[in-house]
Amino acid sequence: MRALPRLALAALTALATVAVVSATADAAADPTPITVLTSDFEDGTVQSWAGRSAETLANSTTVAHGGAASLLVSGRTATWQGPSLNVLGTFEKGTAYTISVWVRMASASDNARLSVERRTGGVAAYDQVVGNTAVTSGAWVNLTGRYTLATDVEFLRVYVETASTTGDFHIDDVTASYVPALPIQTDIPSVKDVVTEFPVGAAITGAETVTQHGQLLTKHFDSVTPGNALKWDATEPTENTFTYAQADPLIAFAKANGLAIRGHTLVWHNQTPSWVFTGADGQPMTATAEDKTLLLARLENHIRNVAAHYGTDIGVWDVVNEVIDESQSDGLRRSNWYNVAGLDYIRTAFRVAREVAPHAKLYINDYNTNVAAKRDFLFGLVQQLKAEGVPIDGVGHQVHININWPTVADTESMLTKFIPLNIDQQVTEMDVSIYTSSSESFPTPPADRLLKQAYVYRDMFALFRKYQGEVTSVTLWGLADDNTWLDTYPVARKDAPLLFDTTLQAKSAYWGVVDPSKIGTSPSVSPSVSVSPSTSTNPGTGSCAVTYRITGSWPGGFQGDVKVANTGSAALTSWKLAWQFTGGQQISQLWGGAHTQSGAAVTVSNAAWNGSIAAGGSTSFGFLGSWTGSNPVPAAFTLNGTACTVL
Ligand code: XIL
């Protein structure tokens with residue numbers, strides 16, 4: 001079994017840290033999304049949209065995605081100009097919004113992208129939600145992405161722009177919605193309290209530091225790695241202009257919460273701006289002495305600035321990342337770095353990092369180090385460089401693996417190989433994909449895959465713990481399945497590689513780490529309970545039907561999903577569903593409606609947006625509740641006072 005092919009990461013580098021292109025989430029477990037904005041332009045206006053500068057916005061009936069009208073932007077004089085909408089006050093900090101917009105060129109073709117501009121203290125930042133996507137005048141193209149605001153702002157606008165031309169274009173049927181966040185489980189053990197042999201970390205973006213995500217992070221983890229915020233494109237986008245707008249809030253959060261920080265990464269062939277490899281003559285650098293001198297000077301300047309900015313706050317640096325390529329006869333990746341400077345870029349990077357951050361442990365980090373050929377090349381390189389006196393303190397094993405690969409034995413060989421070098425080892429980017437090839441895609445993670453994944457986490461953590469002292473930390477590449485790079489890499493599809501699900505609840509994988517005897521009892525793998533009693537005991541009136549499902553259950557708590565169908569012949573404009581709990585259950589939070597509970601009696605009224613149910617239509621709501629002893633499904637429901645069929 002081979003590892004997933006590593007496609008050009010460059011294609012992904014455009015993704016902002018706070019934005020992950022969405023894929024269908026675990027539908028069975030997800031509560032109903034709440035829509036916070038809709039622009040369909042059917043009223044003949046521009047519906048509060050405005051240009052970003054002097055371009056012209058107009059309602060148009062030339063083309064429409066849905067209905068008869070769309071929004072047309074014309075008179076653009078720069079590619080960044082385009083329609084924008086104020087979402088200040090609409091988007092709340094810490095909530096992940098799914099934004100969808102349809103785009104179509106008026107003529108010709110271009111690439112369109114969707115972004116958010118935010119300003120704090122007058123300083124603007126631009127977060128890309130969906131990267132360049134080909135658009136033509138012949139068809140509507142959908143841009144859908146996820147966006148979480150992680151900072152306080154005084155300006156917040158969603159906008160669409162193009163990459164190359166200033167051609168006119170249309171947008172239509174814009175929506176933004178969110179799935180209400182669930183409270184984190186506070187009654188389960190903290191991973192960091194169970195795994196005490198080494199610090200356990202998570203890679204984070206700004207989105208992981210606020211509200212429920214921040215709570216989950218600090219409950220379970222000892223350490224963080226900014227997933228993108230310290231890479232070259234984030235910290236020195238143009239030469240000698242350093243910006244820490246992404247990283248500083250993450251580092252401040254980590255410090256305030258006593259979390260250790262892994263710095264990732266000072267030198268990599270990806271997410272490095274092209275100016276770095278452009279010579280004084282404006283041409284791509286080659287292996288000349290002049291280009292090499294300039295490149296190493298840029299490298300030194302970069303490390304001096306970035307490492308010095310954080311002083312002793314960062315205790316470990318991934319100084320160089322992914323320098324091995326086992327397909328080369330000498331095992332060395334032919335990156336721009338290597339092609340221009342040979343191994344001197346690695347020597348320079350470690351020398352300067354040691355000088356600027358003498359307190360820090362300096363790492364060489366790579367993926368697939370469990371593959372014998374790659375492992376052995378890495379070993380040889382570290383051995384050689386250490387013999388030369390290059391200050392390498394540790395080897396980082398990324399451990400991006402999947403449910404079938406690699407074996408524990410190969411992973412153990414990966415660790416034992418490096419022991420004679422007398423250096424530290426860390427697992428730096430672990431995740432366990434539910435996919436075993438690029439051609440698979442599941443809308444919802446299948447229960448058997450999640451179970452396999454739990455066993456992989458169990459076995460790998462047992463192995464790492466066995467090497468206590470050698471392995472000095474284990475970091476997961478993400479906090480929860482709602483934000484994982486594997487949703488877009490190596491192909492776009494929903495993956496679920498971490499310990500917590502898309503609603504931040506513990507998966508079987510979590511129990512694999514924390515208490516393997518409980519694997520299989522977590523909500524992710526227990527099948528949804530769909531319900532008794534039969535229709536014969538509850539014939540109802542034929543005008544409504546209710547499906548009550550327990551979509552997740554854990555000691556003391558559960559999540560429910562209730563579908564209300566109008567099976568009568570008249571439309572409803574508002575509704576009230578009532579039932580009795582028989583097991584002492586208590587609802588703690590409900591979305592998609594408003595609830596009251598008095599003893600066993602529950603009444604749920606519609607939310608403002610889902611009161612209308614057409615004849616033959618349905619709506620649903622979800623809730624979190626508590627239970628003790630047993631959690632029986634209610635036997636009967638009434639809708640607006642009339643008994644319903646129970647499905
Ligand atoms: C990934 C990030 O998670 C993504 O958000 C980004 O688009 C691409 O890079 N190996 C590494 C990490 O060393 O830096 C990569 O992070 C994942 C693979």
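This is a predicted model: local features need pLDDT of at least 70, side-chain atom pairs count only at pLDDT 80 or more; totals for chains, interfaces and linings use all residues.

1. Ligand shell. The ligand is surrounded by 13 residues. Asn228, Lys231, His264, Asn321 and Glu429 are the closest of them. Sorted by class, the shell consists of 6 polar, 4 nonpolar and 3 charged residues.

2. Glutamate 429 has a side-chain N or O atom 2.7 Å from an oxygen atom of the ligand. For glutamine 271, the distance from a side-chain N or O atom to a ligand oxygen is 3.2 Å. For glutamine 398, the corresponding distance to a ligand oxygen is 3.2 Å. The ligand taken alone exposes 410 Å², and the protein buries 93% of this area.

3. Salt bridges in general. Side chains of opposite charge can pair when their charged atoms come close. The structure contains 29 salt bridges. One group of them forms a network that links Lys292, Asp344, Arg347 and Glu388.

4. Arginine 52 and glutamate 117. These two side chains meet in a salt bridge with an N to O distance of 2.9 Å. The pair links distant parts of the chain, 65 residues apart. Arginine 52 sits in the loop between β3 (50-51) and β4 (56-60), while glutamate 117 belongs to strand β8 (residues 109-120). How accessible is glutamate 117? Its relative accessibility is 6%, so glutamate 117 counts as buried. Arginine 52 has a relative accessible area of 21% and is partly exposed.

5. Lysine 93 and aspartate 152. The closest N and O atoms of this salt bridge are 3.3 Å apart. Again distant parts of the chain are linked, here 59 residues apart. Lysine 93 is in the loop between β6 (83-86) and β7 (96-105); aspartate 152 is in the loop between β10 (141-148) and β11 (155-162). Is aspartate 152 buried or exposed? With a relative accessible area of 54%, aspartate 152 is exposed. Lysine 93, at 37% relative accessibility, counts as partly exposed.

6. Arginine 304 and glutamate 355. In this salt bridge the closest N and O atoms are 2.9 Å apart. Arginine 304 lies in helix α5 (residues 289-310) and glutamate 355 in helix α7 (residues 344-356), so the bridge ties together parts that are 51 residues apart in sequence. Arginine 304 is partly exposed, its relative accessible area being 30%. Glutamate 355 is partly exposed as well, with a value of 48%.

7. Threonine 95. Threonine 95 is found in the loop between β6 and β7. Its relative accessible area is 18%, and threonine 95 is therefore buried. Which residues does threonine 95 touch, leaving aside neighbours within four places in sequence? The contacts are Tyr147, Thr148, Leu149 and Tyr178.

8. Threonine 209. This residue is placed in the loop between β13 (200-204) and α2 (211-220). Threonine 209 counts as buried, at 14% relative accessibility. A polar atom of the threonine 209 side chain lies 2.8 Å from the backbone oxygen of glycine 206. Not counting residues up to four places away in sequence, threonine 209 touches Ile204, Gly214, Leu250 and Phe253.

9. Helix α2. Gly214, listed above as a contact of threonine 209, is one of the buried residues of α2. What do the buried residues of α2 pack against? They pack against α1 (191-194), β13, β14 (223-226), α4 (247-256) and α11 (508-514).

10. Glycine 568. Glycine 568 lies in the loop between β23 (557-566) and β24 (576-580). At 21% relative accessibility, glycine 568 counts as partly exposed; the cut-off for buried is under 20%.

Terms used
Residues are numbered from 1 along each chain as its sequence is written. Side-chain values use heavy atoms; hydrogens and water are left out. A residue is near a molecule or strand if one of its heavy atoms lies within 4 Å of it. A polar contact is a pair of N or O atoms within 3.5 Å; within protein, one must be able to donate a hydrogen and the other to accept it, and residues adjacent in sequence count only if both atoms are side-chain atoms. Accessible areas come from the Shrake-Rupley method with a 1.4 Å probe; for residues, only the protein chains shown count as cover. Ala, Val, Leu, Ile, Met, Phe, Trp, Tyr, Cys and Pro count as nonpolar, Asp, Glu, Lys and Arg as charged, and the others, Gly among them, as polar. A salt bridge is a side-chain nitrogen of Lys or Arg within 4 Å of a carboxyl oxygen of Asp or Glu. Helices (H or I, at least four residues) and strands (E, at least two) are DSSP runs, numbered from the N terminus. Buried means under 20% relative accessible area, exposed over 50%, partly exposed in between (1.4 Å probe, protein chains only). Contact means heavy atoms within 4.5 Å.
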